[in-house]
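The entries below follow the order in which I checked things.

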Amino acid sequence: MNDTHVIYNASCPICAREVAAYRRRAEAHARPIAFHDIDAASAWGLTPEDAARRFHVVRDGKLLSGVDAFVALWRELPGFR
């Protein structure tokens, strides 16, 4: 079961490229991180519009956004601490 979920705008070329790098690193190091397009944002109480405005990570059930979301994700990925 994943306890870290990344919510990002897959239609944004910059977001998609950056998240693809995070996803590759997570898979290479067998990190249980799930990646979701903003269409799935309602599962965490966000509208797609709200989700598109900032980067979001759900960690242990807590919704984080902006810098806090990046820090939470980076803590899960080797080489980003």
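I took strands as DSSP runs of E, at least two residues long, numbered from the N terminus. The model I worked from is predicted.

Entry on Thr4. I looked up where Thr4 sits and found it in strand 1, which covers residues 4-8.

Entry on its neighbours. I listed what Thr4 touches, leaving out residues up to four places away in sequence: Pro32, Ile33, Ala34, Val57, Val58, Arg59 and Glu76. With Arg59 there is also a polar contact, side chain to side chain, at 3.0 Å.

In what order do the four strands lie? I read 2-1-3-4, in an open sheet with mixed pairing. Strand 2 (33-37) and strand 4 (62-65) are the edge strands, each pairing on one side only. From one strand to the next, the twist averages 20°.

Entry on strands 3 and 4. I noted that strand 3 (residues 56-59) runs antiparallel to strand 4, and that four bridges join them. Opposite Val58 I found Leu63, in strand 4.

Entry on the helices. I checked helix 1 (residues 13-28), which packs on the sheet and touches strand 1 and strand 2. The direction of helix 1 makes about 160° with that of strand 2. Helix 3 (residues 67-76) also packs on the sheet, touching strand 1, strand 2, strand 3 and strand 4. For helix 3 I noted an angle of about 110° with the direction of strand 4.

How values were computed: Residues are numbered from 1 along each chain as its sequence is written. This is a predicted model: local features need pLDDT of at least 70, side-chain atom pairs count only at pLDDT 80 or more; totals for chains, interfaces and linings use all residues. Side-chain values use heavy atoms; hydrogens and water are left out. A polar contact is a pair of N or O atoms within 3.5 Å; within protein, one must be able to donate a hydrogen and the other to accept it, and residues adjacent in sequence count only if both atoms are side-chain atoms. Contact means heavy atoms within 4.5 Å. Two strands pair if DSSP finds at least two bridges between them. Axes are lines fitted to C-alpha atoms, for helices over the stretch in contact, and angles run from 0 to 180 degrees between N-to-C directions.
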